[in-house]
Amino acid sequence: MSGMPVIDVQDWKRHTEYLGRYQRLGERHRVIRWFWEVVEHRLNEESRVRLLQFITGGCSVPAQGFKALQSNDGNFRRFNIQSVSTQDCVFPRAHTCFNKLDLPLYNSLEELEGYLTLVINIEITGFTID
């Protein structure tokens, strides 16, 4: 990825909303802590860019940072993470039009890292693997 941007993970965290279909998520939820652990400490910069592209459909952050992410209709829409049951979907799912990640409620950091790494490395952007 030529000209790859540097992603400010702290800015990404600050401008993230948490939703919960099955469990109310927040920045202290264990799965969210694991997600940010993987993003911040276990992914290299190229993988972070791939993750951003998987979730938003774009590989760069607006000049104003994550607070200025837009949806496909041009409105500002923050990145958000919604919990889903692993019975509904074992893989993370992206909704690129809404900057939304459906994140299964994994049982371990290693499980989360494995599935997240898999989806960003097979270059399926915005589609579900079932």
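**Exercise 1.** What covers the buried residues of α4?

Start with the ground rules. This is a predicted model, where local features need pLDDT of at least 70 and side-chain atom pairs count only at pLDDT 80 or more, while totals for chains, interfaces and linings use all residues. Residues are numbered from 1 along each chain as its sequence is written, and side-chain values use heavy atoms, with hydrogens and water left out.

Step 1: find the helix. Helices here are DSSP runs of H or I with at least four residues, strands are E runs of at least two, and both are numbered from the N terminus. α4 has 13 residues and spans 18 Å from first C-alpha to last, close to the 18 Å expected at 1.5 Å a residue (the expected span is 1.5 Å times one less than the number of residues).

Step 2: pick out its buried residues (under 20% relative accessible area; exposed is over 50%, partly exposed in between; 1.4 Å probe, protein chains only). In α4 these are L109, L112, L116, V119 and I120. They sit on the same side of α4, because they cover an arc of only 110 degrees around the axis, taking directions from the helix axis to the C-beta atoms.

Step 3: look at what lies over them, counting contact as heavy atoms within 4.5 Å. The cover includes α2, α3 and β4.

**Exercise 2.** Where does C97 lie, and what is it in contact with?

Step 1: UniProt, in an unreviewed entry, places the feature "active site" at C97; its positions follow the numbering used here, feature names are shortened, and annotations may be inferred rather than shown by experiment.

Step 2: C97 is in the loop between β3 (93–95) and β4 (100–104). It counts as partly exposed, because its relative accessibility is 31%.

Step 3: setting aside neighbours within four places in sequence, C97 is in contact with S71, N72 and R77.
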